[in-house]
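Welcome, and please open the sequence and the model side by side. We will go through salt bridges, patches, backbone geometry and an annotated domain.

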Amino acid sequence: MQFYLNGYAPGDPDVVKEALPATVDVLVIGSGPAGALLAAQLSNFPNILTRLVERRSGALQVGQADGIACRTVEMFEAFGLGQKLLREAYWVNETVFWRPSKQDRTRIERTGRVQDTEDGLSEFPHLIVNQARLQQYLLDYMRNSPTRLEASYGLEFVTLKVEPDGEHPVVVTLRDVAKGSETTVRAKYVVGCDGARSGVREAIGAVPRGDFANHAWGVLDMLAVTDFPDIRLKAAIQSADEGNILLIPREGGYMVRLYVDLGDIDPNNREAFRDITQEKVLETARRVLHPYTLDVKSVVWFAVYQVGQRVTDRFDDVPADQLASRLPRVFIAGDACHTHSAKAGQGMNVSMQDTFNLGWKLASVLDGRAGPELLRTYSAERHAIAQGLIDFDKEWSKIMASPPKDPSRPELGGVDPQELQAYFVKSGRYTAGVATHYAPTTVLTAEATHQSLAKGFTIGTRFHSAPVVRLADAKPMHLGHAARADGAWRVYAFADSSGKRLRDLAAYLAESPDSPVRRFTPTGADIDSVIDVRAVFQQGHLDLKVEELPSILMPRKGCFGLVDYEKAYCPDLKNGPDIFDLRGIDRAKGAVVVVRPDQYVSNVLPLDAHDELAAFFGQFLLDRQ
């Protein structure tokens, strides 16, 4: 077997490494969580030429982030990856709180225990799994996608420029890390997912704003033997004088992660904290855990970092004074946009939410479903979310780094351990990843004029799934799990008490020339490829007949015109609760709930608001070709 003819290339020699094409539709720079998720989403579109480049020589193997919010698991379910996560990950079911003993403040004692995620917040739990494994799920998904997309390793970003015109106006220079040679790629769009020191961000002149807290933390993934009783529970541990620990059990049943408080950083010598050794962090951890012992057998990963909370002023290449005259061509996501502490476990989760927001928009524009103006909504939506997260993270980091109050010396200040526990419970929606609420500042989020028809599907928040039974095969399932990461909009029609308004809506969507389904579905495409219509009836599945369903709920698809039987649902009356009650659907009037491709509720309308429904989609979708 012969290889390396044209130079050494790391990895499996049986895998042919294609050279980057001279032009691409989307060039994604950085294969971390944000970049991998974006590439995975775009890999579903055979007509879109996507390339993912990474300066590392191969995929991440160990370390970095590990917290998977409930909302992220919901998102991964759209890729068919939810069950893989659930099987492998550690489930964060409860959190315990430890503080100095009242009898002996040199010792710690358990003072509280709470459920990690409030009931009903999500059908999925809060999980812990290595970032490297999470990224591997996405890389495998890409590899198995219609485009068989593979990451190109060993290529680092050098610079870019955006030309005023041309089909591929973004000119990017990349350098081969091993050889030092440079190559040029032209792209329609570029997305920088290249971390906190983003070169793409610098190239477009975007500026991070904020500051670093003068505080350092050490983090260790380890295999250890200890008599600390809560080693398999998430634990917030406050010692009297030695600092604090956030303990996170890891997947696999044996490994554990410690975030160890290392105290203040000299603002005049910020880099000094990098000299802190693994041994020093372990010594601190042992002092915090007193009187319990910690016998470390193996350290899997170690890092020291300072807490920083910064948000970049914009998430694309269009300056504020040019918003009306220019359309974005270059975007940034993840740590390139926002950095915050690891305590709330939001960095990786919010980064992937950035590109889940952007991915379907790029696909819609490149596939001819929507005009390029749609891409302006990315920076507008995600910047506001990032700023809200930073505000939360500042408060949470401050509390986590504060010493506990000493009842005998209140003048020293500090945080009351009960206050820490109360704030943890209060912040549950952030840590679960479901606090995102898009304001009606873009065409994608409507005013809440008809919100009373579906009180549990708040406009601007993620579509909160609920149990149903699929009519055709009586399968109990979650309504939200039927949606895939395929770039399609969902219209969920919840039936009125008589069913007449639902039948009239179904006839309008199937037959009227004004129907947004007929108007915006390209010729030759499946009828649900742009707007996927599904219905939820009030009756149980035994009280309805499949053969009497409207045609829009039994569409013919594919080259053989086969019938899709998976568009109609009923309440799960056996296992309950009824979705109409659970989500506050007006039983008399019913409701239409419009959901974006990234699973956020865009609009709630009456079933007979046909013109309003068409007008909503007409703001951003393009007539079929």
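Does aspartate 116 count as buried or exposed? At 7% relative accessibility, aspartate 116 counts as buried, where buried means under 20% relative accessible area, exposed over 50%, and partly exposed in between (1.4 Å probe, protein chains only). Before going on, please keep in mind that this is a predicted model, in which local features need pLDDT of at least 70 and side-chain atom pairs count only at pLDDT 80 or more, while totals for chains, interfaces and linings use all residues. Residues are numbered from 1 along each chain as its sequence is written, and side-chain values use heavy atoms, with hydrogens and water left out.

Let us stay with aspartate 116 and look for its partner. The side chains of aspartate 116 and lysine 234 meet in a salt bridge, with 3.9 Å from N to O; the term stands for a side-chain nitrogen of Lys or Arg within 4 Å of a carboxyl oxygen of Asp or Glu. This pair links distant parts of the chain, 118 residues apart: aspartate 116 sits in the loop between β6 (108-115) and β7 (126-128), and lysine 234 in strand β13 (residues 234-238). Helices (H or I, at least four residues) and strands (E, at least two) are DSSP runs, numbered from the N terminus. Lysine 234 is buried as well, with a relative accessible area of 8%.

Side chains of opposite charge can pair when their charged atoms come close. By the cut-off above, the count comes to 43 salt bridges. One to look up is the pair of aspartate 66 and arginine 257, whose closest N and O atoms are 3.5 Å apart. Aspartate 66 lies in the loop between β2 (50-54) and β3 (67-68) and arginine 257 in strand β15 (residues 255-264), so the pair ties together parts that are 191 residues apart in sequence. Both aspartate 66 and arginine 257 are buried.

Next, find aspartate 564, which forms a salt bridge with lysine 557, the closest N and O atoms being 2.9 Å apart. Aspartate 564 counts as buried, at 14% relative accessibility. Salt bridges that share partners join Asp564 and Lys557 with Asp486, Arg490, Asp528, Asp532, Arg534 and Lys567 into one network.

Which residues form a negative surface patch? They are Asp514, Asp608, Asp611 and Glu612. Patches are made of residues with over 30% relative accessible area and no salt bridge, like charges being joined within 9 Å and nonpolar side chains (Val, Leu, Ile, Met, Phe, Trp, Tyr) within 5 Å. Lys and Arg count as positive and Asp and Glu as negative, while His and the chain ends are not counted; the place of a charge is taken as NZ of Lys, CZ of Arg, CG of Asp or CD of Glu.

A nonpolar patch on the surface is formed by Val62, Leu223, Tyr254 and Val300, which together have about 360 Å² of accessible area. Accessible areas come from the Shrake-Rupley method with a 1.4 Å probe, and for residues only the protein chains shown count as cover. Leucine 223 is found in strand β12 (residues 208-226) and is partly exposed, at 34%.

The backbone deserves a look too. Most residues other than glycine have a negative phi, and most peptide bonds are trans. Arginine 148, not a glycine, has a positive phi of about 50°; this arginine 148 lies in the loop between α4 (131-143) and β8 and is exposed, at 54% relative accessibility. Glutamine 599 also has a positive phi, near 80°, and its place is the loop between β26 (591-595) and β27 (601-605). Glutamine 599 is buried, with a relative accessible area of 12%. A cis peptide bond, with omega about 20°, joins histidine 290 and proline 291, and proline 291 is in the loop between α6 (278-289) and β16 (294-312).

Finally, an unreviewed UniProt entry carries the annotation "domain: Phenol hydroxylase-like C-terminal dimerisation" for residues 437-624; UniProt positions are given in the numbering used here, feature names are shortened, and annotations may be inferred rather than shown by experiment. Over residues 437-624 the chain is 16% helix and 20% strand, with the end C-alpha atoms 31 Å apart.
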